[in-house]
Amino acid sequence: MDPTQSLQLLDIMDPSPTGWWPLPWGWWFVILECFFALLGLVWLGIWLYRRHKRTKASLSVLEQHWREFNDHGRPGDFLANVNLVLKRHCRTMGLKAALPLSGDAWGAFLKQRLPAGQHSHIDAYLQSLYSPRPALPPDAAYKAAQRWIRRLRC
């Protein structure tokens, strides 16, 4: 074998430049991730909007009962209306299991949704619900119901 022939090398050639199309599979994966993330954000926005709308409607009804009580109401009637508003709010938020609850079970359900420091209002509210002389002043019941509606998480 001739040693001069074995040293003949070809010139180094650059590979031909690649075009941007078709995209490599990694870019398709990134595009799909962005699409599903955008879809999830839209779904989350719609869910939060509906939840806010339901909460706002319940607070509006509660405020209407509060105004009626301030005009010419009895505390017992107002507390019964607060109970109805809380149950309606549970129904609109999809907590239908809470609707047949009453007494201690209803109180336990209400307490589950509030921090431990605010349970005394729930106990006083439940004791006042059917009492001729409510232990909980109506304004405290109104504020407790507002807090409960705002903090309800499903």
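1. R51 lies in helix 2, where a helix is a DSSP run of H or I with at least four residues, numbered from the N terminus. Is R51 buried or exposed? R51 counts as buried because its relative accessibility is 17%. Buried means under 20% relative accessible area, exposed means over 50%, and partly exposed is in between (1.4 Å probe, protein chains only).

2. A word on the source. This is a predicted model: local features need pLDDT of at least 70, side-chain atom pairs count only at pLDDT 80 or more, and totals for chains, interfaces and linings use all residues. Residues are numbered from 1 along each chain as its sequence is written, and side-chain values use heavy atoms, with hydrogens and water left out.

3. What does R51 touch, leaving aside its neighbours within four places in sequence? R51 is in contact with M93, L152 and R153. Contact means heavy atoms within 4.5 Å. R51 and D71 are 20 residues apart in sequence, and C-alpha to C-alpha they are 30 Å apart in space.

4. H65 is also found in helix 2 (residues 25–72). H65 counts as buried, at 16% relative accessibility. Leaving aside neighbours within four places in sequence, H65 is in contact with F78, N81 and V85.

5. Now helix 3 and helix 6. They pack at an angle of about 5 degrees, with their axes 10 Å apart. Axes are lines fitted to C-alpha atoms, for helices over the stretch in contact, and angles run from 0 to 180 degrees between N-to-C directions. Helix 3 and helix 6 are therefore roughly parallel. Angles under 35 degrees count as roughly parallel, and over 145 as roughly antiparallel.

6. Helix 3 brings residues including F78, V82 and V85 to this contact, and helix 6 brings residues including Y142 and W148. By class, the contact of helix 3 with helix 6 has 13 nonpolar residues, one polar and no charged. Ala, Val, Leu, Ile, Met, Phe, Trp, Tyr, Cys and Pro count as nonpolar, Asp, Glu, Lys and Arg as charged, and the others, Gly among them, as polar.

7. Helix 4 (residues 103–112) and helix 5 (residues 119–128) pack at about 155 degrees, with axes 10 Å apart. They are therefore roughly antiparallel to each other. The contact involves residues including W106 and L110 of helix 4, and I122 and Y125 of helix 5. Its residues divide into five nonpolar, three polar and two charged.

8. Which residues of helix 5 are buried? They are I122, A124, Y125 and S128. The buried residues of helix 5 pack against helix 3 (75–92), helix 4 and helix 6 (138–151).

Methods: Helices (H or I, at least four residues) and strands (E, at least two) are DSSP runs, numbered from the N terminus. Angles under 35 degrees count as roughly parallel, over 145 as roughly antiparallel, 65 to 115 as roughly perpendicular and the rest as oblique.
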